[in-house]
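Subject: Structure handover

Hi,

Here is the structure I promised to pass on. Please open it beside this email and follow along.

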Amino acid sequence: MLKILVCVKQVPDVDMMKMDPDTGTLIRSGVPAILNPLDANALSAAISVKEKYGGEITLITMGPPKAEEVLRECLAMGADRALLLTDRAFGNADTLATSYSIVSAANCLDRFDLIFCGKETIDGATGQMGAQLAERFDSAQITSALLIREVDEETGKLVVDRELENGVETLRVSMPCLMTIEKTNYPARIPTLKGKMRAKKAEIITYTAEDIPGLDRTRIGDAGSPTKVPRMFPPVMPEPGTIIDEGSAEANALKLISIIREG
Amino acid sequence: MDKKAYKNFWVHIEHSEGKIHSVSLELCCEMRKLCDLSGDKLIAVVVGKLPAQETKKLLDCGADGILQVSGSGYERYNTEAYTNLYYVLCRKYHPSAVMIGGTVNGRDFAPRFAARLGVGCTSDATELIYNAGTGDIEFVEPAAGGKIMAVITMPVMRPQIGTIRPGTFKYAPAGKKEQTELLHENIDFDPSLIRTERIDFTPELFDPALDIAETDCLVCIGAGVKEESLPKYRELASLLGGKLGCTRPVADSGLLPYKLQVGQSGVMIKTKLYIGFGVSGAVNHVTGVSADKFIAINRDASAAIFNYCDYGIIGDADEICDAMLASLKT
């Protein structure tokens, strides 16, 4: 049976975030936490594989206890079980520390043939997690996977289309394989009523740092993160441009056209 | 880790069919400026053969040296050989920084060799600052959807690794250095360790409407524009001899293809005239626009886009578009 892992993340809905003009910091309170949109596409791709070839889909996420919400949402969409990695010790991790933590936890639970990730998150937006997870899993990786054409459990190979700037390459690749999924062919699944009922009752496997034997504490959380964020600042706003106000839409449009034609 | 033992800034030179990718040249130009401040040497790392006139371009950007790498395993891009290559090179030469173009393949191997080395990696900085006090590169990048700028540093570990999107920096060669060095390395990679095999390649069919990077005029629509209004913006773009583009939310909604998404995570555009309809002005979007004349139309007078435009109209995008069409057609 194919063992499939899908990595997901709960993220703040950045479109709803506002900046405090006085302090120049982001106002985080009241901002809804959502499933990272592209992770839903990754899950959808995993479900497509399961529908065709069978298998078991495990979800994994790292975050505060509240991150359980996105696991239940994904269970309702069609995943089979879920692992939540939660501990303050994991906090403040960059992609390197996060990939080490996630892979350490996943390896405790099972050996996976296929690993799915969203292409990037809307909060960190580094797009680095896929490649760094693959490094830690010592697996093959297909970033920007467009379409999974074929999975052959017997030979341990799959055939995947990968989107490049100038076209699409079709690759045959050996399992275990991690893929970061392009959303084009894998729209998010809608949770079914039955799925929601099941997800509500499902038991979420929860690990803290203690639960992972041999976990190297120097490689997790803030201590395990080589990248730091010494400061943040609001984007520098240039001086506003000239506002055209000629009294009516027609007059404004005319003025605009004359400006365009000035060359 | 003794940071001082790590010297020189490297740029990975991506090339295909004998041509250097523009992003690699842009990076050489930008890193030259940092090298002048830090005293590091600028080293261009070339894997495989490059025609002499292309190598000359690297020297014209002010490279102090070219590290020419030969060996097997690099004919077709693959994660394994390139990850191993940079892992081996970094362990041997101890560069202070390695910069890689944020192409599909650059973004594929950069984070992976960083993880193998156990060092940090950043992506998509829009500005690089050398901090003489700390000796670190400060990677400045938009965060939280562009609402805030974050400064990322790697204060302890070396090398500092970063991927930068094409079009972020200008290609402005600083001129050839008096003294340049040519280094050579041969690193063979066992082909049996390459886990992918390319069985097909379908080049993208060229569609001029989807090629918006360099157009005389770009009509860009934002989330404020509704689906039923799309035809009028197409018409406006065509009457102005330009093309249609959009913001991330519009591409995310599926209204227009991703190839038309303007901004840092989409297409970086260079144009004479940009007209944004219902575009809010997120940093990730506006950093992707270089326009001689920048015009914005938005209902919301407080929209950030008005800070970036040369001329703005506070009003309904559809109404202005209709009025422009009426006027242009008479």
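Helix α1 of chain B has 17 residues and spans 24 Å from its first C-alpha to its last, close to the 24 Å expected at 1.5 Å a residue. Keep in mind that this is a predicted model.

Just past the helix, B:Gly39 adopts a positive phi of about 85°.

What does α1(B) lie across? It lies across strands β8 and β9 of chain B, and it runs at about 10° to β8(B). Of these, β9(B) is mostly covered, with six of its eight residues buried.

Now the sheet. Four strands make an open, antiparallel sheet in the order β14(A)-β10(B)-β9(B)-β8(B). β14 of chain A and β8 of chain B are the edge strands; each has a single partner, so one side of each has no neighbour in the sheet. On average, neighbouring strands here are turned by 30° against each other, direction ignored. As background, strands of a sheet pair through backbone hydrogen bonds, either parallel or antiparallel.

Walk through the pairs:

- β8(B) and β9(B) are antiparallel and share five bridges. B:Ile129 sits opposite B:Glu138. The two strands form a hairpin with four residues between them, and B:Gly135 in the turn has a positive phi of about 75°.
- β9(B) and β10(B) are also joined by five bridges in the antiparallel sense. B:Val140 faces B:Val151 across the pair. This hairpin has four residues between its strands as well, and B:Ala144 in the turn has a positive phi of about 50°.
- β10(B) and β14(A) pair antiparallel over four bridges. Here A:Lys228 has B:Thr153 as its bridge partner.

That last pair joins strands from chain A and chain B. In it, A:Thr242 stands opposite B:Tyr311.

How many residues does each chain bring to the contact? Chain A brings 60 residues and chain B brings 58 residues. On the chain A side, α6(A) gives the most, with nine residues. That side divides into 32 nonpolar, 17 polar and 11 charged residues.

Start with the helix, then trace the sheet strand by strand.

Best wishes

Methods: Residues are numbered from 1 along each chain as its sequence is written. Chains are lettered from A and ligands numbered from 1 in the order in which they are written. This is a predicted model: local features need pLDDT of at least 70, side-chain atom pairs count only at pLDDT 80 or more; totals for chains, interfaces and linings use all residues. Two strands pair if DSSP finds at least two bridges between them. Axes are lines fitted to C-alpha atoms, for helices over the stretch in contact, and angles run from 0 to 180 degrees between N-to-C directions. Two residues are in contact if their C-beta atoms, placed from the backbone, lie within 7 Å. The expected span of a helix is 1.5 Å times one less than its number of residues. Ala, Val, Leu, Ile, Met, Phe, Trp, Tyr, Cys and Pro count as nonpolar, Asp, Glu, Lys and Arg as charged, and the others, Gly among them, as polar. A residue is buried if 20 or more other C-beta atoms lie within 10 Å of its own, exposed if 12 or fewer, and partly exposed in between; C-beta atoms are placed from the backbone.
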